[in-house]
Amino acid sequence: MGDNKRKISAVLITYNEIFHIDGVLDNISFADEVIVVDSYSTDGTSEKVRERPHIKLIQRPFENFTDQKSFALEQASYDWVLFLDADERVTEPLKAEIIETVNLEKPPANAYYFLRTFMFKDEILHFSGWQSDKNYRLFRKSKVYFSEERIVHETLVINGKSGTLKNKLIHYSYKNYEDYKGKMIKYGQMKAFEELDKDYSPNLYHFCFRPFYKFVNHYLFRLGILDGKKGIIICYLNALGVHARYKELARLRERREM
């Protein structure tokens with residue numbers, strides 16, 4: 001990029017992302033710097049990153065997503081930050097839109113949502129609740145911070161306006177059944193910590209009705225039925241994550257009361 005263009009820091013947090021790490025690092029090589037904050041991966045992820053001397057690798061213990069992402073954001077040298085997950089890919093049209101947006105004389109927003117195309121292995125999942133999925137992925141470091149109120153599916157607080165880019169990000173979230181199942185259970189268990197101080201105890205309603213509603217909502221009302229077998233699997237595993245949240249919450253409450 002020329003000196004007359006604004007520079008971009010690309011930032012990742014990783015743990016055991018050997019399946020994705022080469023792909024995502026190649027994908028974001030257009031950024032002016034790339035920073036990887038790794039939680040002491042055991043599968044060779046950090047070794048892969050070290051093979052690229054131009055990438056800044058920092059290893060740091062993982063406490064929760066908000067803490068790790070806040071730390072990673074602070075490492076960025078430039079104000080405009082592209083903050084991706086390892087299983088996400090920027091398409092060529094989106095890349096062009098990113099560069100054009102940050103180099104506007106007066107960008108209309110300080111943070112931008114990216115709409116995401118959910119990939120079930122190598123096929124697009126069109127519905128199942130993911131059709132409106134979006135996350136903040138491009139923002140100005142000086143105008144944002146991650147709220148400490150949530151430790152998973154973290155919330156970005158923005159000083160100023162936000163916008164949405166037109167082109168979609170590719171999201172390779174579903175590698176295989178066991179991988180996605182583990183991910184949903186892990187997210188559910190981490191959500192339990194967020195709700196530990198709320199004034200309720202999990203009961204049959206939480207263990208049965210809430211997961212059932214999640215499945216029905218995504219499979220019927222969010223049109224997962226149109227995704228065929230893929231829709232059944234995704235909707236079931238998302239519901240399983242809800243069950244895991246309340247199961248873990250019950251365990252935490254029981255332990256706290258001992």
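Which helix holds both phenylalanine 215 and tyrosine 219, and how many residues apart are they? Select the two residues and you will find both in helix H6, four residues apart, which is about one turn of the helix; helices here are DSSP runs of H or I with at least four residues, strands are runs of E with at least two, and both are numbered from the N terminus.

Before going on, keep in mind that this is a predicted model, in which local features need pLDDT of at least 70 and side-chain atom pairs count only at pLDDT 80 or more, while totals for chains, interfaces and linings use all residues. Residues are numbered from 1 along each chain as its sequence is written, and side-chain values use heavy atoms, with hydrogens and water left out.

**Aromatic rings**

Rings of Phe, Tyr and Trp (its six-membered ring) are paired if their centres lie within 6.5 Å, and a pair is stacked with planes under 30 degrees apart, edge-to-face over 60 and tilted for the rest. By this rule there are 14 aromatic pairs. Show the side chains of phenylalanine 62 and phenylalanine 65, whose rings are edge-to-face, 5.0 Å centre to centre with 80° between the planes. Phenylalanine 62 is partly exposed at a relative accessible area of 33%, whereas phenylalanine 65 is buried at 15%; buried means under 20% relative accessible area, exposed over 50% and partly exposed in between, with a 1.4 Å probe and protein chains only.

Return now to phenylalanine 215 and tyrosine 219, which form a stacked pair, 5.2 Å centre to centre and with 20° between the planes. Phenylalanine 215 counts as partly exposed at 24% relative accessibility, and tyrosine 219 counts as buried at 17%. Next select Phe118, Phe120, Trp130, Tyr174 and Tyr180, which form one aromatic cluster.

**Helices H5 and H7**

Tyr180 also belongs to the next stop, as one of the H5 residues in the contact with H7. Colour helix H5 (residues 177-194) and helix H7 (residues 228-257), whose axes come within 7 Å and cross at roughly 35°; the axes are lines fitted to C-alpha atoms over the stretch in contact, and angles run from 0 to 180 degrees between N-to-C directions. The contact (heavy atoms within 4.5 Å) involves residues including Met184, Ile185 and Gly188 of H5 and Leu237, Gly241 and Ala244 of H7.

**Helix H4**

Move to helix H4 (residues 92-102) and select its buried residues, Leu94, Glu97, Ile98, Thr101 and Val102. Glu92 and Glu100 are exposed, on the face of H4 turned away from its buried side.

Within strand E8, pick lysine 134, which is partly exposed at a relative accessible area of 37%. Not counting residues up to four places away in sequence, lysine 134 touches Tyr113, Phe114, Leu115 and Thr164.

Last, select asparagine 16 in the loop between E1 and helix H1 (21-27), where phi is near 50°, a positive value in a residue other than glycine. Leucine 223, in the loop between H6 and H7, also has a positive phi, near 65°.
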